[in-house]
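Here is a guided walk through one protein chain. Keep the sequence and the model side by side as you read.

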Amino acid sequence: MRINDKESYENISNSISMSNLRKILDSKKISTVKLAMNANVSDSTINAYLKNGSGKKIPSLPTLISIADYLNCSIDYLLDRSDNPMINSDVNLINNDKDLNQLMQNIISLPKEKRELVIAYVQGLLNK
């Protein structure tokens, strides 16, 4: 989508909710203060990104890159343009690693409730 005028900019700006930022912070148990320190912005700026409705703030491109790098996720995920936080290098790693590729195919072939069990198990391993 091209931004040719103020109305287009406002429509795009209003469509960005940054809700995935909250999801990834919660899943990785990272505070807004810790993210702010690592992204070189204030914690009030991070909180403004998380704010819903009018008055919300949208990060600049350098800040988005900094946040995405720190959280190891894609910018599209942060901007709610994707439900997949994986970055291209992670996808390439899976595609180039035979065992990881087979594991992903096996997980994808599971019924939804069993996939959720695998996800919960892996999350438990990560939390230890």
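A residue counts as buried when its relative accessible area is under 20%, as exposed when that area is over 50%, and as partly exposed in between. Keep those cut-offs in mind. The model shown is a predicted one.

Begin with the overall layout. The chain has nine helices and zero strands. Along the sequence, the pattern reads α-α-α-α-α-α-α-α-α. The chain holds 128 residues, and 23% of them are buried. Its accessible surface comes to about 9,100 Å². Carbon and sulfur atoms account for 52% of that surface. Now take contacts with a separation of 6 or more. Of these, 44% join residues 24 or more positions apart.

Next, go to helix H2, which spans residues 19–28. Its buried residues are Asn20, Leu21, Ile24 and Leu25. Look down the axis of H2: these buried residues fall within an arc of 140°, so they line one face of the helix.

Asp26 pairs with Arg22, and their closest N and O atoms are 3.5 Å apart. Both residues lie in H2, four residues apart, which is about one turn of the helix. Where do they stand on accessibility? Asp26 has a relative accessibility of 46%, so it counts as partly exposed. Arg22 is partly exposed because its relative accessible area is 35%.

Now turn to the interior. In soluble globular proteins, nonpolar side chains tend to be buried together. The largest nonpolar core here has 20 residues. Which of them touch the most other members? They are Leu21, Leu25, Leu35, Ile46, Ile67, Leu71 and Leu78. The elements giving two or more residues to this core are H2, H3, H4, H5 and H6. H5 gives the most, with four residues.

Set aside its neighbours within four places in sequence. Leu35 is then in contact with Leu21, Leu25, Ile30, Ile46, Ile67, Tyr70 and Leu71.

Ile46 leads on to H4. There the buried residues are Thr45, Ile46, Ala48, Tyr49 and Leu50. Together they pack against H2, H3 and H5.

How many salt bridges does the model contain? The count comes to two. One is the Asp26 and Arg22 pair already described. Asp76 and Arg81 also form a salt bridge, with their closest N and O atoms 3.0 Å apart. Asp76 counts as partly exposed because its relative accessibility is 35%. Arg81 is at 65%, so it counts as exposed.

Tyr121, Val122, Leu125 and Leu126 make a nonpolar patch of about 430 Å². Val122 lies in helix H9, residues 112–127. Is Val122 buried, partly exposed or exposed? Its relative accessibility is 38%, so Val122 counts as partly exposed.

Definitions and conventions
Residues are numbered from 1 along each chain as its sequence is written. This is a predicted model: local features need pLDDT of at least 70, side-chain atom pairs count only at pLDDT 80 or more; totals for chains, interfaces and linings use all residues. Side-chain values use heavy atoms; hydrogens and water are left out. Buried means under 20% relative accessible area, exposed over 50%, partly exposed in between (1.4 Å probe, protein chains only). The arc is that of the directions from the helix axis to the C-beta atoms. A nonpolar core is a set of buried Ala, Val, Leu, Ile, Met, Phe, Trp, Tyr and Cys residues joined through side-chain atoms within 4.5 Å. Contact means heavy atoms within 4.5 Å. Patches are made of residues with over 30% relative accessible area and no salt bridge: like charges are joined within 9 Å, nonpolar side chains (Val, Leu, Ile, Met, Phe, Trp, Tyr) within 5 Å. Accessible areas come from the Shrake-Rupley method with a 1.4 Å probe; for residues, only the protein chains shown count as cover. A salt bridge is a side-chain nitrogen of Lys or Arg within 4 Å of a carboxyl oxygen of Asp or Glu.
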